[in-house]
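Biologist: I am new to this one. Could you show it to me and take some questions?

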Amino acid sequence: MQLGVCYYPEQWPESLWADDARRMAELGIRKVRIGEFAWSRIEPHPGELRWEWLDRAVDTLARAGLEIVMGTPTATPPKWLVDKHPDMLAVDAQGRERRFGSRRHYDFSSDAYLEEARRIVILQAQRYGRHPAVTAWQTDNEYGCHFTVLSGSANAARRFRLWLRARYGAIERLNAAWGNVFWSQEYRDFDEIDTPHLTVTESNPAHRFDFRRFASDEVVRFNRMQVEILREHAPGRPVSHNFMLFFTEFDHHKVAADLDFVGWDSYPLGALEMFWFGEAEKRRWLRTGHPDFAAFHHDLYRGMSREPFWVMEQQPGPVNWAHWNPSPKEGMVRLWTWEAFAHGADVVSYFRWRQAPFAQEQMHAGLNTPDNQLDSGGFEAAQVAEELSRVPVLRSQPASVALVFDYEAQWAVEAQPQGADYHPLQLVFEYYSALRALSLDVDIVPAHAPLAGYAMVVVPALAIVPDGFVQQLSQSTAQIVLGPRCGSKAEALSIAEGLPPGPLRGLMPIRVRRVESLRPGITERVVLGEHHGEC
């Protein structure tokens, strides 16, 4: 159990670096993440590489006894690169380019950008891959942040057609799977298919669903490219990526399969403000965050990480990006840190060392204030560092409950929710909160995970049941809880054969012949034997 911090030497005078490194070490910091937003300083002009400043930063941190997590800089390509490859920009659902001026201004489907990213990652890995102080790597930064996975660009359309051709083989099979006879939507060739944007009314949900699958696979492709380079040029150094909170635009299980360990970015107060929580909950948990929020993500990302997971960015004070940005209650930074360790985290890394006095994140707190004085989050981090020296590391005990969470299941329902307020991710979280209220330990697992040994298996929202899942449930001795719409759809998003619950009928001999959705506030009486309730 160690502490880390995110540091941006390119944003500060070099005269501060040595003192920063010394103070980090004295505070109890052991890991320092750098480099993930530094492309314009590394390569200010095409082909003009300036590594010397980064060499000095790495050496300065190393002399203080700090280990470095090197981030690849591909989340922030410089302006000259956009001018060189203007078609590398993504296109939003309204057909508008997502232009330079913030970050994540690239399209996962741009082959030109993929090659530029490959080039800079190779150069960076060749230079620092065997440096003794660079002990881990992070690919890019927060894939998909600011809703940048889905793109309606010409590049995305071209690669989507290739993806569909590989998936279906023949256009007749695609037409049948999507039900394209409806509204005369049949295609003669894969080259006729566009991305599902700018249609007059609702586009075919099967079309949208496959586009979500495709877009997720593009993230996997981009990440795998970087991981393969780092495996070659930085042997023995674990590779990670920092996932986000309540984010389902790509399949994190597939990306995580290529990583050594998973990191995630924990911002409990920002999440409370930005997501579905009601006004009463937002007031109640204003300065603490919802008590199940961080735990949910710890359990989610632990479940897909081969090595112990990290919190790559821990909120140390107010953030800048939510509608309102309160300061954490005294002691919360310490509590969030210990909560992460209690759920199995190897490292908790705070964002960031010092609050920036400029640009988009100048209102985002750090461990230090902009005038370089330790802030309250810094004092609490120092307290945890001291406590870590006195707390024994205990062996984890197996959880008794498996909560099945599947990204494709989210997309399947989002493609056709049938009710404006039906959000499968919210449903999964509410099931998780109910289990936590019963003091049960929970593993959040994908639908293909082994289920042996659990006392209970909870499946809140699994519209499409993957091959082998019913057999796993049948062989399990666990109590099984299935949520609404489980088994309701076939692979291509049509209604399950024989009506829902489709392949789950072997476990539940029922037939769902009608589905409705009701406005908020309407309840119906439910009677099951002697049990009475409401829904």
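What follows is a short exchange about a few residues of this predicted model.

Biologist: Is Gln315 buried or exposed?

Modeller: Gln315 sits in the loop between β8 (310-314) and α13 (332-342). Its relative accessibility is 0%. Buried means under 20%, so Gln315 counts as buried.

Biologist: Which backbone atom does the side chain of Gln315 reach at 2.9 Å?

Modeller: The side chain of Gln315 has a polar atom 3.3 Å from the backbone nitrogen of Leu269. Leu269 is also among the residues in contact with Gln315, as are Tyr267 and Trp336. At 2.9 Å, the side chain reaches the backbone oxygen of Gly317.

Biologist: How far is the C-alpha atom of Gln315 from that of Gly366?

Modeller: Along the chain, Gln315 and Gly366 are 51 residues apart.

Biologist: With which side chain does the side chain of Thr60 make a polar contact?

Modeller: Thr60 belongs to helix α3 (residues 52-63) and is buried, at 11% relative accessibility. Not counting residues up to four places away in sequence, Thr60 touches Trp17, Ala18 and Ala21. The polar contact, at 3.4 Å, is with the side chain of Arg63.

Biologist: What accessible area do Met1, Val391 and Val393 have together?

Modeller: Val391 is in the loop between α14 (376-388) and β10 (401-404). Its relative accessible area is 35%, so Val391 is partly exposed. With Met1 and Val393, Val391 forms a nonpolar surface patch whose accessible area is about 240 Å².

Note on methods. Residues are numbered from 1 along each chain as its sequence is written. This is a predicted model: local features need pLDDT of at least 70, side-chain atom pairs count only at pLDDT 80 or more; totals for chains, interfaces and linings use all residues. Side-chain values use heavy atoms; hydrogens and water are left out. Helices (H or I, at least four residues) and strands (E, at least two) are DSSP runs, numbered from the N terminus. Buried means under 20% relative accessible area, exposed over 50%, partly exposed in between (1.4 Å probe, protein chains only). A polar contact is a pair of N or O atoms within 3.5 Å; within protein, one must be able to donate a hydrogen and the other to accept it, and residues adjacent in sequence count only if both atoms are side-chain atoms. Contact means heavy atoms within 4.5 Å. Patches are made of residues with over 30% relative accessible area and no salt bridge: like charges are joined within 9 Å, nonpolar side chains (Val, Leu, Ile, Met, Phe, Trp, Tyr) within 5 Å. Accessible areas come from the Shrake-Rupley method with a 1.4 Å probe; for residues, only the protein chains shown count as cover. A salt bridge is a side-chain nitrogen of Lys or Arg within 4 Å of a carboxyl oxygen of Asp or Glu.
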